[in-house]
Amino acid sequence: MKPRILILSGWGPYKDKVEVDFTRLEERGLFLITGATGAGKTTLFDAITYALYGAMSGEMREKNSVRSDFADADTPTFVELLMQHGGEEYRIVRNPEYLRPKRRQNGSGEYTKEKENAVLYMPDGNVIQGSSEVNRKIQEILVLDYRQYKQISMIAQGEFAKLLSASPAEKTRIFREIFATSVYDKFAGNLRSRSGELYKQVMECRHRMEEDIHMLSAGGIENDEELLTLLSGENYHYEKVLERLGETLKKYETAFTEAQEKYVSLEKETTALTEKISLAEQINEKLCKLEKERETNNALKGKQNEIEIKEEELKKARAAASLTGDYIKSENEKKQLEALLKKEQENGKELEELKERKSDIQSLYDKRDRIMTAYECRNTYNEKKTLLNEIRRQKEKKQEELCKLQKEYLEKEAVAEEKKEAYETADRLYKWAAIGIAARLLREGEPCPVCGSLEHPDIAESTEDVPDEEKLKNLREIYHKANQSLMEIHGKTSACKGEVQGKIDQEEDMNRQIEETSHRLAAIEESVLEVVNGMPQVEYEKIVLLYQKLQVQEEEKTAALAKLGEEITAQKNKVEETEAIFVRKYEEAGFSDFHIFKQSIRSNAQITLLESEINDYYRKLQASDNMIIHLSEETQGKEKTDISALEGELRRKREEKQEALSMQSKWNYRLQETKKIRKSLQEKLCRLQKLNREYGMVKDLDNLASGNNPKRLVFEQYVLAGYFEEILRAANIRLFKMTNGRFELSRPEEVSDGRTKDNLEMQVFDYYTGKYRSVKTLSGGEAFKASLALALGMSDVIQSYSGGIRVETLFVDEGFGSLDSESLEQACRTLMSLVEKDRLIGIISHVPELSEKIEKQIVVTKTNVGSSIKVVV
C-alpha cells in the first residue's frame, strides 16, 4: 500500500481542512516529517492508520479524542485517504464519533452526536459503507490485519525501544502477540490437561478394580485359600486373580447343579402329596355338604302350609287388582263431589265477607260527589297559600335587589359627578390657557382678535398647569364612560322597581282569591269536612275504588254460586251410577262384601313380592332335591378320610424343598456375582492397559512441551527462539553498518535464571573488547541504533512470514535525538539502503540535523490557532 493523497478535517491540532500530497514524494528516497513538539507530526500516522483500520498507530491515543479543539462548530471531523495498491487506486473516507451542532437550530445551541462511519470507493466504482464492512474489505485487499500492518509498516514512537531492555517474560508476551504463537502455548496446555485427565482416568479405573476386589472378598470365598492369598496384598496380580476366578466358577457351577437336581426331586414328591390330600378333602367336603343339604330340604318342606296361605292371598289380590279401575273411578267421583261441596261452602263464606266489607264503606261511597268537591276546594286553598308564599319570597328578593341597585346608582352618580367636574375644570383651564396665549400676542394699538378693541387695560394671564389636548380628550372619555355606566344602572333600577310593584299587585290579588276559597270551605257540611280533614284524598279515592271493586266481586260470586249448585247436582248423579256398577262387579268376582274386597287389595310391589316368595320357595325345593341326588351319586360307597397324617408328611417335604431352594439360591448368587465381578475385572483390566499406554505417550509429550526436559525448553519458547534468532540475524546486518562493525546481537545458549523456562534473553558482543555484555550497558545512541536495527529486522521477518507481502511505505517515529552526527549519518545510510524503487520511508523527528540531510520534507507548523502543513521537495 502506498498513500497518494491524505486529507484531514477538524482533526487533532488541524483546525480546518488540510491536504498532504504524497505523490510529490514518490521518487526513490527518504522524506522527513518535521516540526515542533506537539505540532501534530504523529497525527499524520494516526490519520493513515485510522483511515485504513479505524484505529490509531500508538497505544496512548484513542480514536474518540481526535476532534480538534481549534475547529469551528460547523467544521466536520474526518480523514480521507487516496491510496495505491496492486496498480489500483482506492479512496477511503472515515469519521470518528463526535458532537456537532444540530442542522435545525432553535437558538439554544443544541448539539447532536455524529456516529462513526466509513466509506470505501472501489476502483470498479462500487461503494462499501459501514466501519465493519470497510475494515473487512481493507484486510482482504492488503492481506494484513491492523496488528500486522502496524508491526511491519510503522515503527511507532517508543514501542520498539522497550523491546531491547525488556525481560525474557516481556519479550515472550510481545513476540506471542506479533507471531501469534499462543497456539503453541495452548497446545502445551492441552497436552498438560489431557495428561492430567488420563492420569485421573487411570487412577479411577484402578480404584474401581479395587472396589471389585473388595466386593469379591465379601462374597464368600473364605474357603478358597489360594484366592485369599492373591487378594491379601496391597498390589494385586489381576491376571492370576482372573485365572483363579475361572476355576472357582467351575466349582460353583457343580454345586449349583447338585442343589438344583435335589430341589426338582422334592418338588415332585410335594406335588404328589398335595394332589392326594386335595382329593381326600374334596370327598370329605361333599359328604358334609350332603348332610347339610338334607337338613335344608326338610326345613323347606316344613314351610309348605305357609306357602299355600300365601298362594290364596295372591289369588284374592289378583282378583281385587282387576277391580281396581272401577274402585278408583268410584272413589274419584266421590272426592270430586266433596270438592264441589267444599268449594260451595267457601264461596258462600267469601260472599258474606264481601257484603260486610261493602256495608262498612257504604256511607262514604254515597257522599262521594260532595266529598270530592270539598277535596278540590281544600286543594285549591292550599295551592293558593303556597303560591302566595312564593310571591312574597320573590317580592322580598326583588326588594333586596332594588336596594342594592339604588345604592350602586348613588355611588356611580357620585363618581359621574366627580368625573364631570374634573373634565369641566380641565376644559375651563384649557380655554383660559388659549385666551392667555392670545393675550400674550396683543400689542397696544392693535385690534384684539376676539373683541376688536385697540385698548387692552386688563390682559388675561396664562396659567402653568394647563392640560394638553390629549389629556382633555381622555378626561372627556372617562366622564362619558362614567355617565354611560350611570345610565345603565338607572335603567336596571327602574326595571327592578317595576318588578317589585308587580309582585305587590300579585300578592293583593292572591289574598283576595284565598279569602273567596275560604268562604266556600266554610259553606261545606260538617260530616263531609270530617272526612276531608280525617284522611288524605288519595286514601279516600282508594276507598271509592275498593267499593266499586267489591260490588263487582259480589256480582261475580253470586253468579259463580248458582253455577256451582248445578255442577253439584250433576256430580251426585255420577256418584250413584259408578257406585252401583262397582258393587255389581265385586259381587260377581266372589267378594261377599266391600270389607273383604278392601282387605284383599295389595299394591303391585306386594303382589310381585308374593309371587317372588312362592316361586323362590319351589325353586329352592327343586334345587335341593337335585343337589341331594347329585351328591348321593358322587359319594356312593365312600367314607370320610383323616388327612392330618398326610399333611404332616407334606410339611416335612416342603421344609426339605425350602432348604434345597436356599442352597440353590446361595450357589446361584455366588456363581452370578463371581461371573459379574470376573467380567467387570476383565473389562476394566483391558481399559486400564489401554489407558496406561495412552497416558505414557501423552505424559512423555507433556514433559517435552512443558520444559521438563534436559534443556528446560518449553515448546512455545522453542518456536519463539527460532523467530528471535531470525530477527537478530536480520537486525545485525543493519547494526553492523551503523556501528562500523563493533556490535553484534545474539541470544545466550543457557538461561541465566534456573527457576524460569524463558529463553529469550539478549546480549551484545563488543568486537572492540572481544566480550559479551548486557544490552542494558549500551549508551543512549548505541541503544537507539540497536532498537532501530531490531525494529527493521523484525519488520523484515514479519514480512517474510506474511506470505511475502511487500511493504511499499515504512514510517519511523522519533528516537534520532540521542545520536551524534556520525551515528546519525550511519542511521540515515542504513535507512537509505532500505529504499528501493517505488518505496517510501518516512521519518518523523524534530532533530535539526535531519532537516539538513533529508531534502524531501513535510513541514508541520504549530501556532496558537492550530497547525498547518507544507510539502517541501
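Analyst: Two strands pair if DSSP finds at least two bridges between them. Helices (H or I, at least four residues) and strands (E, at least two) are DSSP runs, numbered from the N terminus. The model is predicted, so local features need pLDDT of at least 70 and side-chain atom pairs count only at pLDDT 80 or more, while totals for chains, interfaces and linings use all residues. Residues are numbered from 1 along each chain as its sequence is written, and side-chain values use heavy atoms, with hydrogens and water left out.

User: Over how many bridges do strand β1 and β4 pair?

Analyst: Strand β1 covers residues 2–11, and its pairing with β4 is antiparallel.

User: Which residue in β5 stands opposite L82?

Analyst: Strand β4 (residues 78–85) also pairs with strand β5 (residues 88–95), in the antiparallel sense and over seven bridges. H85 faces E88 of β5. Opposite L82 is R91.

User: Which residue takes a positive phi in the hairpin of β4 and β5?

Analyst: The hairpin has two residues between its strands. The phi in question is near 60 degrees, and the residue that takes it is G86.

User: Which residue in β8 stands opposite R94?

Analyst: Strand β8 spans residues 117–121 and runs antiparallel to β5, with five bridges joining them. In β8, the residue across from R94 is A118.

User: What is the relative accessible area of N740?

Analyst: N740 sits in the loop between α19 and β11 (743–746), and its phi is positive, about 55 degrees, although it is not a glycine. Most residues other than glycine have a negative phi. Buried means under 20% relative accessible area, exposed over 50%, and partly exposed in between, with a 1.4 Å probe and protein chains only. N740 is therefore partly exposed, at 47%.

User: How many salt bridges does the structure hold?

Analyst: A salt bridge is a side-chain nitrogen of Lys or Arg within 4 Å of a carboxyl oxygen of Asp or Glu. A network of them links R194, E197 and E694. The number of salt bridges in the structure is 29.

User: How many residues apart in sequence are the parts tied together by K653 and E269?

Analyst: K653 and E269 form a salt bridge through their side chains, at 2.7 Å from N to O. K653 belongs to helix α18 (residues 644–705) and E269 to helix α8 (residues 238–301), so the bridge ties together parts whose separation in sequence, in residues, is 384.

User: In which helix does K310 lie?

Analyst: The side chain of K310 meets that of E613 in a salt bridge of 2.7 Å, N to O. Because E613 lies in helix α17 (residues 604–634) and K310 in another listed element (residues 304–322), the pair ties together parts 303 residues apart in sequence, and the element holding K310 is helix α9.

User: Is D766 buried or exposed?

Analyst: R742 and D766 are joined by a salt bridge of 3.0 Å, N to O. R742 is in the loop between α19 and β11 and D766 in strand β12 (residues 763–766), so the pair ties together parts 24 residues apart in sequence. R742 is partly exposed, at 21% relative accessible area. D766 has a relative accessible area of 1%, so it is buried.

User: In which helix is E353 found?

Analyst: Patches are made of residues with over 30% relative accessible area and no salt bridge, where like charges are joined within 9 Å and nonpolar side chains (Val, Leu, Ile, Met, Phe, Trp, Tyr) within 5 Å. E352, E353, E356 and D360 form a negative surface patch. E353 counts as partly exposed because its relative accessibility is 41%. The helix that holds E353 covers residues 324–360 and is α10.

Key: Areas by Shrake-Rupley, 256 points an atom, 1.4 Å probe, with all protein chains shown as cover. Lys, Arg positive; Asp, Glu negative; His and termini not counted. Charge placed at Lys NZ, Arg CZ, Asp CG, Glu CD.
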